[in-house]
Amino acid sequence: MSSIRLRLSPDVVSRDVLASIVVFLVAVPLCVGIAVASGVPAELGLVTGIVGGLVAGAMPGSSLQVSGPAAGLTVLVYEAVTTHGVAALGILVLATGLLQVGLGLVGFGRWFRAISTAVVHGMLAGIGLVLISSQLYAVAGASAPGSGLDNLAGLPGLFTRITGAAAVSSTAVGVGAIAVLILWKRLPGRLPGILPGPLVAVGIAIAAVALFDLPVATIEVRGLVDSLRLTGLDDFGLLADLGLLGAVLAFTLIASAESLFSAAAVDRMHDGPRTRYNKELIAQGTGNTLCGLVGALPMTAVIVRSAANVQAGARTKASRILHGVWLLLFAALFPAVLGLIPVAALAGILVHAGAKLIPVTTIRPLWREHRGEAVVLIVTALAIILTDMFMGVLLGIGLAVVKTAWETSAVRLDVDEREDRTTVVLSGSATFLRLPLILDTLEALPKDRPVELNLSRLRHLDHACRTALEAWSTHTGAAGATGPAADGAQREAALAAAAPDSRRPAPGR
């Protein structure tokens, strides 16, 4: 009963209400900016934030993290909308949500924690670079060429094209928004802790455009209801497109990983209940299912809004639910305010958000201490820029698996050469990744004396190595040297006796 009284105490209620207002003020410019950058109506970003607060916020899983549209999915959504059309967004997000719910029900949520952190940081770095390169064009009032590589290659030419009143004004507004975000937290006093930087940047941009009558583009308002597109049964036929199915898998992988890694980070910020990962995945999936039904943006847990929630003193999930209520009231009562926001200001906010996704401070120490992890991070980021999000993440995961397999398959060969025979003792883990080393060592042994293999110190011997050693033993036996046994049957029995059973766990494991 005491815990119930604590949750309903006036102090806790007031903290949650205050935190919800802070999160709402942070969420409005981010929801709108992410929607515009994704190539969809601005209102759809607010819809996703509303669902993230009212639906995912009320479900069990994580107590304090906040869900909504994420900058990390902006590039993926833009590519999907460009390739398959806005009409396909609903079924894409709906299928993602259903898949997330299914994965959560079968207990797959905790396995997302097994994804290498180097892959996650590489994914975020790649997203950040692509986001920056695309939004710099919006800052300058121009259209981006398209792919991440084309956007990066076109940046030098973009800077030379910033001429004319419209381009200069747009650039000034966007750069000004970035400057406000950088400097706002450094100001003395309590004001920076009360008003979030993105809201201040948007407010100053609106005031500057109105005061100086700047010729810059503002958000096109369509109305909340007019922006929605209900997903029907006919839309399921779009899933026959393999490209769309690939996008669904990419959405599921990235949205789930980002949400659950955000949950782990938020858990370290407070001493309240810990995240239940499978239930959180079900909550995210339920939210995405509803977002898909109304054709809104995909939803993830977002670290910026979650951190603001914790830092504002939130104690229960009431804060994130209330933030959804404030978003709904804003979208319903003040939609005209959206039409005052300059597109360049939102682009500047997203450039700043993209820069924060790049782990600049961690790359150098990671390169010094764990060079393999740094290589995985860099390759993942570059692959996302050169190909796309899905292929980049898959390549990163594959490279991380290969790196781990290489590191855990360390094998040592000790050669003892005597007048009557040569003894080779193998220790460690003999896998196919180490076959070149093993065979090169064995083939370099003297041919004028018998060779004896001692495999008793191996912790693991996979099928490829066993087969290769048997073949080497047969060959050397035919050449006059002796392997573990004289003939094939005895040789196989000797290998089986000398080597550990690869199907059994090694001692101490």
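Reader: What makes β4 and strand β5 (residues 451-461) a pair, and in which sense do they run, parallel or antiparallel?

Author: In this predicted model, β4 and β5 are joined over 8 bridges in the parallel sense. Pairing asks for at least two bridges between the strands, and the 8 bridges here meet that requirement, so the two are called a pair. One of the contacts along this pairing sets Ala430 against its bridge partner Leu461 in β5.

Reader: Why is strand β4 (residues 422-430) called mostly covered?

Author: A residue counts as buried when its relative accessible area is under 20%, and 9 of the 9 residues in β4 are buried, so the strand is described as mostly covered.

Reader: Why is Gln284 called buried?

Author: Gln284, which lies in helix α13 (residues 277-293), has a relative accessible area of 1%; the cut-off is under 20%, and because 1% falls under that limit, Gln284 is classed as buried. Leaving out residues up to four places away in sequence, Gln284 touches Gln65, Ser67, Gln100, Ser259, Met299, Thr300 and Ala301.

Reader: Which residues touch the most other members of the largest nonpolar core?

Author: In that core of 51 residues, Met123 and Met389 touch the most other members. Among the elements giving two or more residues to this core are α6 (117-139), α12 (242-267), α18 (371-386) and α19 (389-408), and α12 gives the most, with 9 residues. Beyond its neighbours within four places in sequence, Met389 is in contact with residues including Met123, Ile127, Ile254 and Ile384. A second, separate core holds 34 residues, including Val28 and Ile341.

Reader: What is the hand of the crossing of α6 and α18?

Author: The crossing of α6 and α18 is right-handed, and the two helices pack at an angle of about 35° with their axes 7 Å apart. Among the residues that meet across this packing are Met123 and Ile127 in α6, and Thr380 and Ile384 in α18.

Note on methods:
Residues are numbered from 1 along each chain as its sequence is written. This is a predicted model: local features need pLDDT of at least 70, side-chain atom pairs count only at pLDDT 80 or more; totals for chains, interfaces and linings use all residues. Side-chain values use heavy atoms; hydrogens and water are left out. A nonpolar core is a set of buried Ala, Val, Leu, Ile, Met, Phe, Trp, Tyr and Cys residues joined through side-chain atoms within 4.5 Å. Buried means under 20% relative accessible area, exposed over 50%, partly exposed in between (1.4 Å probe, protein chains only). Helices (H or I, at least four residues) and strands (E, at least two) are DSSP runs, numbered from the N terminus. Contact means heavy atoms within 4.5 Å. Axes are lines fitted to C-alpha atoms, for helices over the stretch in contact, and angles run from 0 to 180 degrees between N-to-C directions. A crossing is left-handed if the near helix is turned anticlockwise from the far one by less than a right angle, and right-handed if clockwise.
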